[in-house]
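Hi,

Here is the structure I promised to pass on. Have a look at it first, and then read my notes below.

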Protein chains: 2
Amino acid sequence: MKLTERKITTTLRRHGYKLTPQRQAVIDTIVASQDLLTPARIYEKVSCEHPDIGLVTVYRTLELLSRLGLICELHHGNNCPSYTASNPEHHHHLICSGCGKVVDFTGHDLVSLGNRLARESGFKIQNHVLEFIGVCSACQETK
Amino acid sequence: MKLTERKITTTLRRHGYKLTPQRQAVIDTIVASQDLLTPARIYEKVSCEHPDIGLVTVYRTLELLSRLGLICELHHGNNCPSYTASNPEHHHHLICSGCGKVVDFTGHDLVSLGNRLARESGFKIQNHVLEFIGVCSACQETK
DNA sequence: CTGCTAAATGATAATCGTTTTCATTTGGAC
DNA sequence: GTCCAAATGAAAACGATTATCATTTAGCAG
């Protein structure tokens, strides 16, 4: 279950952030899309409805939402980061290298592996990233 | 076992690339370091021995080595990519968020998970990324 | 509803990492 | 040694992101 727009706005409020039309627009766009969106793409989409929004505001909103854990920032090989609405439960991503579509998946437990690594390496494990990159069925057809 | 410098140079030859002093220097630097190095950091290190090398050449060499699979390019959250000598057998990375040190680990098989995902999602899986981020023992002490 | 204030915005410029361009140099085959 | 495609370096171009700062506004108090 993806995060609802409502959940995001109430979280913003709870942390004392204002709920501006610009932030609304960015949130709407991210929640409405199933795909990985770059900042530029988000700006482009948002601009259709709100032509007077600045790219800077998009960046600032993304930084804020990311910091609050409401959206996920991913890097899949190429240069620039992409964002997708965050899933409240722990999960991983399956990303289409063709169109950027993101599918969440759960059910693979890496805690015991993390514990083993911590024991063997002396690291204090903070986080992990598990991503599968592939080609979605739609992109496989249009080759 | 990390890739040796010798292995890298013969691979270059085999693909018809020239073995220039500049490439040697970049290769030496990457092989000698256990840490994740950014292009800027590699340039900095290489410049000590070869003050007349250009940053552009570092970028070009990294691109080449990465394309030949001799070094790994990683993105761990932050903006710019980092590189480390590649391990010939399939492996994953444990990265220190303090100093950038990289520890390879193997033995965790994700093939069956990949197959399950492919079956359920219709994706054709191409690749996967598994990284653990943590704090190495040295960095834990200097806090 | 009205006014107030700190927070948020937008325009512009600055910054940073990376890539392109192009004239010059050079590794390595002959 | 000669030659030429490949490689290099300097400079400029480029794209993404961030900083600056004057203006606007959300949300609260009265």
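This is a predicted model: local features need pLDDT of at least 70, side-chain atom pairs count only at pLDDT 80 or more; totals for chains, interfaces and linings use all residues.

**How the two chains are related**

In general, two copies of a chain are related by a rotation about an axis and a shift along it.

**Where the chains meet**

On chain B, 28 residues are in contact with 28 residues of chain A. The elements of chain B that give two or more residues to this side are β3 (92–96), β4 (102–105), α5 (111–121), β5 (124–135) and α6 (137–141). β5(B) gives the most, with 12 residues. Sorted by class, the side of chain B that touches chain A has 14 nonpolar, 12 polar and two charged residues. The copies meet through the same surface, because 100% of the interface residues of chain B are also interface residues in chain A.

Take a look at the strands here: β5 of chain A (residues 124–135) and β5(B) run antiparallel and are joined by 11 bridges. A:L130 has B:L130 as its bridge partner in β5(B).

**What surrounds the DNA**

Now turn to DNA strand D, which has 22 residues around it, the closest being A:L19, B:T20, B:Q22, B:G54 and B:T57. Two or more residues each come from α3 (39–49) and α4 (55–67) of chain A, and from α2 (21–32) and α4 (55–67) of chain B. Of these, α4(B) gives the most to the surface near DNA strand D, with four residues. By class, that surface has 11 nonpolar, six polar and five charged residues.

Which residues of α3(A) are buried? They include A:I42, A:Y43 and A:V46. These residues lie on the same side of α3(A), because they cover an arc of only 100 degrees around the axis. A:A40 and A:C48, on the other side of α3(A), are exposed. Among what covers the buried residues of α3(A) are α2 (21–32) and α4 of chain A.

Happy browsing!

Notes
Residues are numbered from 1 along each chain as its sequence is written. Chains are lettered from A and ligands numbered from 1 in the order in which they are written. A residue is near a molecule or strand if its C-beta atom, placed from the backbone, lies within 6 Å of it. Ala, Val, Leu, Ile, Met, Phe, Trp, Tyr, Cys and Pro count as nonpolar, Asp, Glu, Lys and Arg as charged, and the others, Gly among them, as polar. Two residues are in contact if their C-beta atoms, placed from the backbone, lie within 7 Å. Two strands pair if DSSP finds at least two bridges between them. A residue is buried if 20 or more other C-beta atoms lie within 10 Å of its own, exposed if 12 or fewer, and partly exposed in between; C-beta atoms are placed from the backbone. The arc is that of the directions from the helix axis to the C-beta atoms.
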